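Visitor: Could you show me a protein model and walk me through what its side chains are doing?

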Amino acid sequence: MSAFLTLYAGLAREGPGTPEDVAWAAEIAGLAPDAAILDAGCGTGGDIEALLDAAPHGTVTAIDQEGSFIRAVRQDWAADDRVWAEVGDMSDLKGEYDLIWSAGAVYFLGVTQALAAWRDALRPGGAVAFSHPCHFTATPSQQARGFWEGFETTDAAGIDAQVREAGYRTRATRKVADAGWETYYLGLCARAKQLRPRADAEMTKVLDAAEAEIAAWRAVKDETGYLLSVVKPA
Ligand SMILES: C[S@@+](CC[C@H](N)C(=O)[O-])C[C@H]1O[C@@H](n2cnc3c(N)ncnc32)[C@H](O)[C@@H]1O
């Protein structure tokens, strides 16, 4: 396994978010207790428990392109037949769902592209809830823009424009709270501390990059972060 995966496959989640975010999105989406949910880009499955809390008689299909993440999900949820996890490409979904949940993964496809690709996978009345990089000021500093280097980042109005371009309407949005980032980074720091004493050159580079990311986020967190949007086809 690469140093990157050795670090990240050992985490409970691969990005910021809280169970409260999931509960809030489920309420806005009007999720029924027996809903069929897809977790697109599920990582190691950090949101599955909260998704099942929102739909206790429903199902969660968890998809990620990374095999080691899916193995972790299968191990954690082997005893629960409400959960199905598979390696797959989230741009090519099979099945029909009441909610497509995607935390911190839509930016790999682009908002408009992801929503357009997911339209046929939504049941009538279905919703998509996704968290996405967002600037919370009209004039983000160079440091804040640099935090998302390589990904085009806009503000809430810009994300809404991309949602509309895909033929959806935004029902509600909220900022992923700093607590969601701190929880994620706490797990990352703990895993880094375990790995640091025996780290080779490749692992040292990966750990240094993770620690630099945490410091960078703390410096810009008032200017930029994740916006959680709940959207439905227009
Ligand atoms: C930042 S992580 C977030 C993971 C998880 N949602 C969480 O919050 O812990 C983004 C995930 O998207 C997955 N991913 C990226 N592009 C994908 C694709 N085309 N199909 C499936 N998974 C993808 C990555 O492997 C990664 O696990």
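**Cysteines, core and rings**

Visitor: Is Cys-189 buried, partly exposed or exposed?
Guide: Good place to start, and keep in mind that this is a predicted model. Cys-189 has a relative accessibility of 36%. Buried would need under 20% and exposed over 50%, so Cys-189 counts as partly exposed.

Visitor: And is Cys-42 buried or exposed?
Guide: The relative accessibility of Cys-42 is 8%. The limit for buried is under 20%, so Cys-42 counts as buried.

Visitor: How many disulfides are there?
Guide: A disulfide needs two cysteine sulfur atoms within 2.5 Å. Counted by that rule, the number of disulfides is 0.

Visitor: Which residues touch the most other members of the largest nonpolar core?
Guide: In soluble globular proteins, nonpolar side chains tend to be buried together. Here the largest nonpolar core has 55 residues. Its largest share, 7 residues, is supplied by helix H9 (residues 201-220). The members that touch the most others are Leu-99, Trp-101 and Leu-188.

Visitor: How many residues are in the other core, apart from that one?
Guide: Among the members of this other core are Ala-36, Ala-121, Ile-159 and Tyr-168. Its count is 25 residues.

Visitor: Which residue lies over the face of Tyr-168?
Guide: A charge sits over a ring if, among other conditions, it is within 6 Å of the ring centre. Over the face of Tyr-168, at 5.7 Å from the ring centre, lies Arg-119.

Visitor: Are Tyr-107 and Phe-151 stacked or edge-to-face?
Guide: Tyr-107 is in the loop between strand E4 (97-103) and helix H5 (111-118), while Phe-151 is in the loop between helix H6 (142-147) and strand E6 (154-155), 44 residues apart. Their ring centres are 4.5 Å apart, with 85° between the planes. Planes over 60 degrees apart count as edge-to-face, so this pair is edge-to-face.

Visitor: What kind of pair do Trp-148 and Tyr-226 form?
Guide: Both residues, Trp-148 and Tyr-226, are buried. They are 78 residues apart, with Trp-148 in the loop between H6 and E6 and Tyr-226 in strand E8 (residues 224-233). The ring centres are 5.6 Å apart and the planes 35° apart, and the pair is tilted.

Key: Residues numbered from 1 in each chain as written. Predicted model: local features only at pLDDT ≥ 70, side-chain atom pairs only at ≥ 80, totals over all residues. Heavy atoms only, no water. Core = buried A, V, L, I, M, F, W, Y, C linked by side-chain atoms within 4.5 Å. Buried < 20%, exposed > 50% of the residue type's maximum accessible area, 1.4 Å probe, protein only. Helix = DSSP H or I, 4+ residues; strand = E, 2+ residues; numbered from the N terminus. Phe/Tyr/Trp six-rings, centres within 6.5 Å; stacked < 30°, edge-to-face > 60°. Lys NZ or Arg CZ within 6 Å of the ring centre and 35° of its normal.
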